Amino acid sequence: MSPEADIIREPFVEVAIPVPLRRLFTYRVPEGLELRVGDRVAVPFHRRKVAGFVIGGRAEPPEGVTRIMKVAGMLERDPVFPEELLTFLERAATYYMAPLGEVLRAAAPAMPKGAMKRLREGGFLAEGEDLAGKSVGRRVELFATRTETEPEKRLGERQQRVLDGLDGETPLTKLRAIEPSARSVLKSLAKRGLVTLEEREIEDELFAEPVERDSAPTPTPAQGLAMEQLTGALEGGGAFLLHGVTGSGKTEVYLRLIDEARAMGKGALVLVPEIALTPQLVSRFRARFGDDLAVLHSALKDRERDIAWRRLRRGEVSLAVGARSALFAPVPNLGVVIVDEEHDGSFKQEDGFRYHARDMALLRAHRAGAVCVLGSATPSLESFENARRGRLTLLTLPERATKRQLPPVEIVDLRRQPRSPSGESLLSGTLHRAIERCVDAGDQAILFLNRRGFAPSVRCTACGKQVECPACSVALTEHRRTRRLRCHYCDFQRAVPTRCDTCEAPALEPMGLGTEQLEDKLAEVFAPARVARLDRDVASGRTVEAILDRLRRREVDILVGTQMVTKGHDLPGVTLVGVILADHSLAFPDFRAAERTFQLLAQVAGRAGRGDREGKVFFQTFNPDAVSIQAAAKHDYEAFFRAESAARREHLYPPHGHLIAIRVDDPNEERARDSIGKLASVARRYTADRVELLGPSPAPIGKLRTRYRFRFMLRSDDRPALRKVGAAVAHAIDEGVANPSRASVDVDPVSML
Ligand code: ADP
Ligand code: ZN
């Protein structure tokens, strides 16, 4: 459907409203209002007005309903969703047993400026008025120019910095990079007559820095074979799994495929994990295709996302690159959908509309007749099994594109280590000496530890209690740089106490090792080597690149980091990668713990030796025999797949069985327990032979953000039978057996916490 979609002729419309109920609501079309499917409208709902989406026309009101209210007005001139996207979202809502109104709200761009006010007041759009079209792509910028006046008094440090940053007429955005409070500083400078200020509306620039265009290198034979199959499917569509080790040239394959699709006038959608959406990756797309590219991620402001969305919707841009929610981008004439690092857990949305962007990418591409490519060095068990069953065509890139071998990995058994030279038990003699050699040779090392902060917990040595978050049933992490204890789940913070909360003994001690502490330790032990840290505490968005740039410029010898260091970065000077504790993720109460461990280790190992010099990797572990660790050390995906797949088959875990999780989160513990019990009884009534009910029980994290969490799991290898039980529970929730805003249905759950 184009914006010229058909006007609904029926007297009633069905509207999807963002409330946690799995149903639509019927409204009367007022005289003179022309509505189309996909329109965003204001409708009265429980004495309020809410924004909803028109789903279709209806000749008669629903049976038994006598009083039907009128649509209050239109909020946007053109239908927000094109037909391809709307019908896809309806299917997705059905699959996930999610309320369509909530699905559409999650997928739609923010409401245009002025529409909220309009919503409160009701009313129609005036002839020719378009709230959405207004000022999209333009914004007001403040420009500052230095006057000839010389300062009489000495300037403050920030004032001087901003003044020095002025270069002719300078936009505020540029000065903010020098001084975050530039706006107020400029105001004070203007008062003293040192600068003149002017506000002007300007065209939004898509990207700050220009990127030099490149062209595609000659494909390797393996890339050539993959390309042949992929381009062959551009006419009729197809689903593929591109399995290639890190650095095997998968991204290059995506770029070529998109190029072919564009030549045919087709649009493309690329999904990457949030963490991989670095300027470096975006630059590669811009270098190949120019700046007609919509980048979508969660750090965007509503306005920026809005601009990107509407550019796509109007067909001005046909390529979108983004994280999970970019799945809903209105890419015109969709021809290619790519999910890079398809195994990544961040593709699963864990609240509100719970969906898996990888699975839905396959659905969307299938419905649009597009080519879908799932790419990974360590495919999820689900995807690899789908390839084995022929549902995905397997394409393999077995070698690094640059002919560099994957680095050898040595497993260090932490149970049998003599006292380590540094005194830190998690820094074995073997790894210690390897770091020494690496630094002495002028090479760089990455040490991976998946725990940020100074110490993961603080314990009282008198009574044994650890300091917990008041809102969650988890230990607080000590952050010594900021002298705070912090909850990594809800961001609660408090000063580090001097006495135990429980027994008041002044006996609190940090327990365990975090990245902050490791950074200090390494700086001390390997001085004068330069140590830097990369984790969420030091790095957000732009600073990640800044730290990696320092590494590339050889201003850093040793980088300590969490998962952030494992993704996609090409760092040619790194010859040593050390995993401080490979077992971390193994201990999780989750059937995917081994898979995550394998993926993480394989990815980390791929970071070493990407340049001219050979790399070496160490995995330190207390479980040297774990299959995930052994297989990752040999870079042997298939060995891991065979072992893990067999283990899952035994318990009917995915990919051999299917799961639906039912959860209740409630601030009242008794009510939560009661609700989950009632829902479990409903499930039991419908549970057939082939469907198992596991639980109900408290979740492993029993309390999160002041809510008590209970759940049960439905498991079966018979998907229709399983869905029947899930639907019965969903129906019970809609009927009020449990509070619909506290109970949730999670189809194909990922998080077990
Ligand atoms: P992956 O996405 O699998 O990690 P990339 O596409 O990033 O792999 O490729 C890894 C490196 O190899 C990049 O620097 C890329 O530019 C280079 N590369 C990829 N394909 C080729 C090719 N056909 N010829 C030369 N270099 C290539
Ligand atoms: Zn908390």
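**View 1. Pro528 is found in the loop between α14 (515–525) and β23 (531–534).** Helices (H or I, at least four residues) and strands (E, at least two) are DSSP runs, numbered from the N terminus. The peptide bond that leads from Ala527 to Pro528 is cis, and its omega is near 5°. The model is predicted: local features need pLDDT of at least 70, side-chain atom pairs count only at pLDDT 80 or more, and totals for chains, interfaces and linings use all residues. Residues are numbered from 1 along each chain as its sequence is written, chains are lettered from A and ligands numbered from 1 in the order in which they are written, and side-chain values use heavy atoms, with hydrogens and water left out.

**View 2. A cis peptide bond joins Pro654 to Pro655.** Omega for this bond is near 10°. Pro655 belongs to the loop between α18 (637–651) and β27.

**View 3. His46 has a positive phi although it is not a glycine.** The phi value of His46 is about 50°. The residue lies in the loop between β3 (40–45) and β4 (48–58).

**View 4. Ligand 1 is surrounded by 17 residues.** A residue is counted as near the ligand if one of its heavy atoms lies within 4 Å of it. The closest are Thr218, Gln223, Gly247, Thr251 and Arg284. By residue class, the shell divides into four nonpolar, nine polar and four charged residues; Ala, Val, Leu, Ile, Met, Phe, Trp, Tyr, Cys and Pro count as nonpolar, Asp, Glu, Lys and Arg as charged, and the others, Gly among them, as polar. Helix α8 (residues 250–263) contributes the largest share of the shell, three residues.

**View 5. Polar contacts of ligand 1 involve Gln223, Gly249 and Lys250.** A polar contact is a pair of N or O atoms within 3.5 Å; within protein, one must be able to donate a hydrogen and the other to accept it, and residues adjacent in sequence count only if both atoms are side-chain atoms. A nitrogen atom of the ligand is 2.7 Å from an N or O atom in the side chain of Gln223. Polar backbone atoms take part as well: one of Gly249 is 2.9 Å from an oxygen atom of ligand 1, and one of Lys250 is 2.9 Å from an oxygen atom of ligand 1. On its own, ligand 1 has 550 Å² of accessible area, of which the protein covers 75% (Shrake-Rupley method, 1.4 Å probe; for residues, only the protein chains shown count as cover).

**View 6. Seven strands form an open sheet with parallel pairing.** The strand order is β11-β12-β10-β13-β14-β9-β15, where pairing requires that DSSP finds at least two bridges between two strands. At the edges are β11 (294–296) and β15 (393–397), each of which pairs on one side only. Strand β9 (residues 238–244) pairs with β15 over five bridges in the parallel sense. His243 has Thr396 in β15 as its bridge partner.

**View 7. An open sheet of four strands shows antiparallel pairing.** Its order is β28-β29-β27-β30, and the edge strands are β28 (692–704) and β30 (743–747). Seven bridges join β28 to the antiparallel strand β29 (residues 707–716). Ser697 stands opposite Arg711 in β29.

**View 8. Helix α19 (residues 669–686) lies across β27 (658–666), β28, β29 and β30.** The helix runs at about 15° to β29; axes are lines fitted to C-alpha atoms, for helices over the stretch in contact, and angles run from 0 to 180 degrees between N-to-C directions. Helix α20 (residues 719–734) also packs on the sheet and touches β27, β29 and β30, contact meaning heavy atoms within 4.5 Å. The direction of α20 makes about 15° with that of β27.
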